[in-house]
Structures are given as structure tokens and as C-alpha cells.
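Please read them with the structure open.

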Amino acid sequence: MDVSLILKIAGVGVLVSVMVAILNKSGRDEQAMLVTVAGILVVMLMLVQEIGALFESVQTIFGF
């Protein structure tokens with residue numbers, strides 16, 4: 001795990017928060033909620049890929 005993953009997650013967070021603030025100001029609360037959920041899903045997918053790489057490296061180290 002390197003710093004680029006943390007920066008990607010922070011970038012997604014900033015982008016989602018700006019979009020949610022704009023949508024809330026314009027009165028589109030439902031779309032703001034959907035953008036929040038989509039942002040969470042994007043971050044979860046990024047983390048699942050990293051966790052998969054971690055399990056693969058553990059398998060190669062211990063020879064499972």
C-alpha cells in the first residue's frame with residue numbers, strides 16, 4: 001500500500017463532497033444522496049482490489 005491509494009480516496013471524497021454541496025444548495029437532495037452512495041461504492045471497490053492483492057501476497061508468502 002502506498003500513498004497514491006490514500007490520495008485517490010481523498011480525491012474521491014473531495015469531489016463527492018463538492019458535488020453533494022452543490023446538489024443540496026439547488027434543492028436536489030435525492031440526487032445528493034445517490035452521489036454519496038456512488039462515492040462510497042467507488043472507494044469500496046478500490047479497497048476490495050487492494051485487499052485482494054494483500055490476500056494474494058499472503059498466499060504466496062505462506063505457500064497456500
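**Notes on the predicted model**

1. Met46 is a residue of helix 2. This is a predicted model, and the remarks below should be read with that in mind. Met46 has a relative accessible area of 17%, so it counts as buried, the cut-off being under 20%. Leaving aside residues up to four places away in sequence, Met46 is in contact with Leu5, Lys8 and Ile9.

2. What secondary structure does the protein have? There are two helices and zero strands. The radius of gyration is 16 Å, well over the 11 Å given by the globule rule for 64 residues, so the protein is more spread out than a compact globule. Along the principal axes, the C-alpha atoms fill a box of roughly 55 × 20 × 5 Å.

3. Which residues make up the largest nonpolar core? It has seven residues: Val12, Val16, Val20, Leu23, Ala32, Val35 and Val43. Helix 1 (3-25) and helix 2 (29-62) each contribute at least two residues to this core. Helix 1 gives the largest share, with four residues.

4. Val43, one of the core residues, has contacts with Ile9 and Val12 when residues up to four places away in sequence are not counted. Ile9 is also among the residues that Met46 touches.

5. How much of the protein is buried? Of its 64 residues, 16% fall in that class. The protein exposes about 5200 Å², and 74% of this comes from carbon and sulfur atoms.

6. A nonpolar patch on the surface consists of Ile40, Met44, Leu47, Ile51 and Phe55. Together these residues have about 480 Å² of accessible area. Met44, a member of the patch, belongs to helix 2. Its relative accessibility is 46%, so Met44 counts as partly exposed, a class that lies between 20% and 50%.

7. Is Gln49 buried or exposed? Gln49 is in helix 2. Its relative accessibility is 61%, and Gln49 is therefore classed as exposed, for which the cut-off is over 50%. From Gln49 to Gly11 the C-alpha to C-alpha distance is 18 Å, and the two are 38 residues apart in sequence.

8. Ile6 is located in helix 1. With a relative accessible area of 46%, Ile6 is partly exposed. How far is Ile6 from Ser26 in space? The C-alpha atoms of Ile6 and Ser26 are 30 Å apart, and the residues are 20 apart in sequence.

Technical notes. Residues numbered from 1 in each chain as written. Predicted model: local features only at pLDDT ≥ 70, side-chain atom pairs only at ≥ 80, totals over all residues. Heavy atoms only, no water. Core = buried A, V, L, I, M, F, W, Y, C linked by side-chain atoms within 4.5 Å. Buried < 20%, exposed > 50% of the residue type's maximum accessible area, 1.4 Å probe, protein only. Contact = heavy atoms within 4.5 Å. Rg over C-alpha atoms; globule rule 2.2 N^0.38 Å. Areas by Shrake-Rupley, 256 points an atom, 1.4 Å probe, with all protein chains shown as cover. Patch = residues over 30% accessible without salt bridge, like charges linked within 9 Å, V, L, I, M, F, W, Y side chains within 5 Å. Salt bridge = Lys/Arg side-chain N within 4 Å of Asp/Glu carboxyl O.
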